[in-house]
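Subject: Structure handover

Hello,

Here is the structure I promised you. Please open it first, then read my notes alongside it.

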Amino acid sequence: MAEERTTYSLVVEMENARSIDWAEVGVGLKALAREIAAVSSNGLARPKVVIAHGGRDTDAKSLLDDITAEAPQLEQVADLIFAACPGGRYYDLKNNGVLKTDGDVVVLTDSDTVPEPGWLSALLGPFEDPEIICVNGYTYLLYDDFFSRTFALIWFFPMARGDKRFASKRAINANNIAFRRLWITNNPFPKHNGFKVSCTLLMRKLQREGHEILNVNARVYHYAPRGWNSFTGVRW
């Protein structure tokens, strides 16, 4: 009898796509398609990718057109589903997107992150252990001009090389994390207007329940805001 493999879905939040060029979004989506193809070649089933956005259901066609133009590979390796949450904020989009998933594991990422090779397998591998509930990746800030270099010095995302001394204390990253679907659907990100507080509250809930947050070297880079206008509108 063939061994039953873990199934998974992904949720891609689109709010931050407003702060960067669609060409940059396309870089991340192409990398996502590459990662899905890599784990599929090792026997994992074709996943559902939920595009979580703050528009209306009628916006799905234009979003699909943009995705197809920038990353046609994604439709070749995954089934795309669009989850509208009109007027929803960052964590609202994630919570709404999770409800559209069907895999055993839900991987959360963002439209302004780009995974490195091996990212998806690093996030999914630990779930072969049925005790694992949450696997947290490593997100670092990309800097390529004066503004983004300055931003990298003050922001909470580390540089690419990071600091291994603090790996065990790494906060959860809503843009680079995976959960058992059963757990995250019953424990969505709490509503809070504070900056990144919802992540902290969810992390504390995991800890109170005695669940290990497994930190792995599943690396993505996060685009820095392009100028002050984008900085004022971006969410993490």
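Let's start with one residue. Arg-219 counts as buried, because its relative accessibility is 18%. Buried means under 20% relative accessible area, exposed means over 50%, and partly exposed lies in between (1.4 Å probe, protein chains only).

Before going further, some ground rules. This is a predicted model, where local features need pLDDT of at least 70, side-chain atom pairs count only at pLDDT 80 or more, and totals for chains, interfaces and linings use all residues. Residues are numbered from 1 along each chain as its sequence is written, and side-chain values use heavy atoms, with hydrogens and water left out.

**Salt bridges**

What does the side chain of Arg-219 meet in a salt bridge? Its partner is the side chain of Glu-116, at 3.1 Å from N to O. A salt bridge here is a side-chain nitrogen of Lys or Arg within 4 Å of a carboxyl oxygen of Asp or Glu. Arg-219 sits in strand β8, and Glu-116 in the loop between β5 (113-115) and α5 (119-124). They are 103 residues apart, so this pair links distant parts of the chain. Glu-116 counts as partly exposed, at 22% relative accessibility.

By this rule the count comes to eight salt bridges. Here are two others.

- Arg-46 and Asp-79 meet through their side chains at 2.8 Å, N to O. Arg-46 is in the loop between α1 and β2 (48-53), while Asp-79 is in strand β3 (residues 79-84), 33 residues apart. Both are partly exposed: Arg-46 has a relative accessible area of 44%, and Asp-79 has 39%.
- Asp-92 and Lys-191 also form a salt bridge, at 2.8 Å, N to O. Asp-92 lies in helix α4 and Lys-191 in the loop between α7 and α8, so the pair ties together parts 99 residues apart in sequence. Asp-92 is partly exposed, with a relative accessible area of 22%, whereas Lys-191 is exposed, at 71%.

Stay with Asp-92 for a moment. Leaving aside neighbours within four places in sequence, Asp-92 is in contact with Cys-85 and Lys-191. Contact means heavy atoms within 4.5 Å. The C-alpha atoms of Asp-92 and Gly-54 are separated by 8.7 Å, though these residues are 38 apart along the chain.

**The whole chain**

The protein has nine helices and eight strands. Helices (H or I, at least four residues) and strands (E, at least two) are DSSP runs, numbered from the N terminus. Of its 236 residues, 52% count as buried. Take the contacts between residues at least 6 apart in sequence: 78% of them join residues at least 24 apart.

**Two cores**

In soluble globular proteins, nonpolar side chains tend to be buried together. A nonpolar core is a set of buried Ala, Val, Leu, Ile, Met, Phe, Trp, Tyr and Cys residues joined through side-chain atoms within 4.5 Å. The largest one has 43 residues. Those with the most contacts inside it are Tyr-8, Leu-10, Ile-36, Val-107, Trp-119 and Leu-120. Helix α1 (residues 22-40) gives the most to this core, with seven residues. Beyond four places in sequence, Leu-10 touches several residues, including Leu-32, Ile-36, Val-107, Trp-119 and Leu-120. A second, separate core has 25 residues, among them Tyr-91, Val-106, Ile-177 and Cys-199.

**Helix α8**

Cys-199 is one of the buried residues of α8; the others are Ser-198, Leu-202, Met-203 and Leu-206. Why are they on the same side of α8? They cover an arc of only 135° around the axis, which puts them there. The arc is that of the directions from the helix axis to the C-beta atoms. These buried residues pack against α4 (90-98), β6 (134-142), β7 (176-180), α7 (181-186) and β8 (213-223).

Helix α8 (residues 197-208) has 12 residues. From first C-alpha to last, α8 reaches 16 Å, close to the 16 Å expected at 1.5 Å a residue. That expected span is 1.5 Å times one less than the number of residues. Gly-210 follows α8, with a positive phi near 80°.

Finally, look at Asn-187, in the loop between α7 and α8. Is Asn-187 buried or exposed? Asn-187 counts as buried, at 10% relative accessibility. Its side chain makes a polar contact with the side chain of Lys-205, at 3.4 Å. A polar contact is a pair of N or O atoms within 3.5 Å; within protein, one must be able to donate a hydrogen and the other to accept it, and residues adjacent in sequence count only if both atoms are side-chain atoms. Not counting residues up to four places away, Asn-187 touches Leu-202, Lys-205 and Glu-209.

Best wishes
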